[in-house]
Protein chains: 2
Amino acid sequence: METETKAVGDGKVVEMSKGGRKIRRCELVLRFLGLALTLVAAIILGVDKETKVVPITITSTLPPIDVPVTAKWHHMSAFVYFVVANAIACTHAALSLILCLVSKNGQKGMKLVIIFLDLMMVALLFSGNGAAAAIGVIGYNGNSHVRWNKVCNVFTKFCNHVAVSIVLSLLGSLSFLLVILLIALSLPKHK
Amino acid sequence: METETKAVGDGKVVEMSKGGRKIRRCELVLRFLGLALTLVAAIILGVDKETKVVPITITSTLPPIDVPVTAKWHHMSAFVYFVVANAIACTHAALSLILCLVSKNGQKGMKLVIIFLDLMMVALLFSGNGAAAAIGVIGYNGNSHVRWNKVCNVFTKFCNHVAVSIVLSLLGSLSFLLVILLIALSLPKHK
């Protein structure tokens, strides 16, 4: 494999293959994508809010009263978990991006800590996506068995923003997944 | 590092370090744990069923009628996803366990495919856990903002089984996570 010899600050010579540099570049791009996507996903759901006037029946003998009702992300624990998970993943992506840029190639201890944290982020993000999507499905369709009515026929804009946010977060999670796979590509032949 | 020289079928000699054998043994144990935990989690939720007599009001002028209502896992799409995710992860664990037992140590291509599938399982299981947990939380506490009533005060046994199933699946997911970390431990020093 074609290699490039590069002298670093302390006089040590580090050899880096063309393939290695390509993987490193891909890793940086994927980490940046993970950062951007989770940040946008957290912001979209974090600022999501919709107020609608809903007729509410207090007693059956009186006509329903029109009451303004606001849908907010922190009304549902699954959405709170989703926003927190994306914020944590976004912070991790920013820090790991900086570490990848400033650290020398091949610091195994550091690399292992980053892979461990990447894996935690994959777990955190996918559980957040699953939680938000499960609530989203009930919001769109309702569930007659437990008599949970759909709410997305009223709060259409809010629900659409939730859906966009979940898709972006899912793409962000895939970025973290690809980073781990990229690192796995450089596995040794024998354990 | 202390190594052991071992002759294999085609006359090739494979060297395996003590650390390598330890990692391989841990991997097999973790894969078996993943298999057992996801299997039990899928079975517990898959056979979960509870029938309760619930008073249902048809019109406000008539007294409520007692109707037997059955809670089943396939009434909720999140639980269906959870069971399917655990069944897929269980199948993967069984196949990867067999592959690990019969394959020679150090087949990089095979190893990469297994890591890729392990990562898919982590994503699948954590999203399933998140989805089931989100519905479980609403089932236990209800949500006044969207007027989704809690159901676990009626279907207590069903909900407890769901909770046990989620905990087992979470432990199974952690097994898959640890397998990936174990493989990452054998990363080369330079990319």
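In what order do the elements of chain A run from the N terminus on? In this predicted model, the order is β-β-α-β-β-α-α-α, and the secondary structure of chain A comes to four helices and four strands. Of the 191 residues in chain A, buried residues make up 47%. When contacts in chain A between residues at least 6 apart in sequence are considered, 67% of them join residues at least 24 apart.

The nonpolar interior was examined next. In soluble globular proteins, nonpolar side chains tend to be buried together. The largest nonpolar core in the model has 46 residues, and those with the most contacts inside it are Phe79, Ile135 and Trp148 of chain A together with Phe79, Ile135 and Trp148 of chain B. At least two residues of this core are supplied by each of α1 (18-46), α2 (77-102), α3 (108-141) and α4 (156-184) of chain A, and likewise by each of α1 (18-46), α2 (77-102), α3 (108-141) and α4 (156-185) of chain B. The surroundings of Phe79(A) can be given in detail: with residues up to four places away in sequence not counted, Phe79(A) touches Leu45(A), Trp73(A), Ala132(A), Ile135(A), Phe158(A) and Val162(A).

Two of these partners, Phe158(A) and Val162(A), belong to the set of α4(A) residues that meet α2(A). The two helices α2(A) and α4(A) pack at an angle of about 35 degrees, their axes lying 11 Å apart, and α2(A) passes α4(A) in a left-handed crossing. On the α2(A) side the contact is made by Phe79(A), Phe82(A), Asn86(A), Ala89(A), His92(A) and Ala93(A), and on the α4(A) side by Phe158(A), Val162(A), Ser165(A), Ile166(A), Ser169(A) and Phe176(A). By residue class, the contact of α2(A) with α4(A) holds eight nonpolar residues, four polar residues and no charged ones.

In chain B, α2(B) and α4(B) pack at an angle of about 35 degrees with their axes 11 Å apart, and the crossing in which α2(B) passes α4(B) is left-handed. Here Phe79(B), Phe82(B), Asn86(B), Ala89(B), His92(B) and Ala93(B) of α2(B) meet Phe158(B), Val162(B), Ser165(B), Ile166(B), Ser169(B) and Phe176(B) of α4(B). The residues of the contact between α2(B) and α4(B) divide into eight nonpolar, four polar and no charged.

Cysteine pairing was then considered. A disulfide is a covalent bond between the sulfur atoms of two cysteines. Over all chains, a search of the whole structure finds two disulfides. In chain A, Cys152(A) is joined to Cys159(A), with an S to S distance of 2.0 Å, and this link is left-handed, with -80 degrees about the S-S bond. Cys152(A) counts as buried because its relative accessibility, 7%, is under the 20% cut-off, and Cys159(A), with a relative accessible area of 8%, is buried as well. In chain B, the sulfur atoms of Cys152(B) and Cys159(B) lie 2.0 Å apart and form a disulfide; the torsion about this S-S bond is about -80 degrees, so the disulfide is left-handed. Cys152(B) is buried at a relative accessible area of 7%, and Cys159(B) counts as buried at 8% relative accessibility. By contrast, Cys26(A) is in no disulfide, the nearest cysteine sulfur being that of Cys100(A), 13 Å away, and Cys26(A) counts as partly exposed at 38% relative accessibility. Cys90(A) is also in no disulfide, its nearest cysteine sulfur, that of Cys100(A), being 15 Å away, although Cys90(A) is buried, with a relative accessible area of 9%.

Most residues other than glycine have a negative phi.

Conventions
Residues are numbered from 1 along each chain as its sequence is written. Chains are lettered from A and ligands numbered from 1 in the order in which they are written. This is a predicted model: local features need pLDDT of at least 70, side-chain atom pairs count only at pLDDT 80 or more; totals for chains, interfaces and linings use all residues. Side-chain values use heavy atoms; hydrogens and water are left out. A nonpolar core is a set of buried Ala, Val, Leu, Ile, Met, Phe, Trp, Tyr and Cys residues joined through side-chain atoms within 4.5 Å. Buried means under 20% relative accessible area, exposed over 50%, partly exposed in between (1.4 Å probe, protein chains only). Contact means heavy atoms within 4.5 Å. Axes are lines fitted to C-alpha atoms, for helices over the stretch in contact, and angles run from 0 to 180 degrees between N-to-C directions. A crossing is left-handed if the near helix is turned anticlockwise from the far one by less than a right angle, and right-handed if clockwise. Ala, Val, Leu, Ile, Met, Phe, Trp, Tyr, Cys and Pro count as nonpolar, Asp, Glu, Lys and Arg as charged, and the others, Gly among them, as polar. A disulfide is a pair of cysteine sulfur atoms within 2.5 Å.
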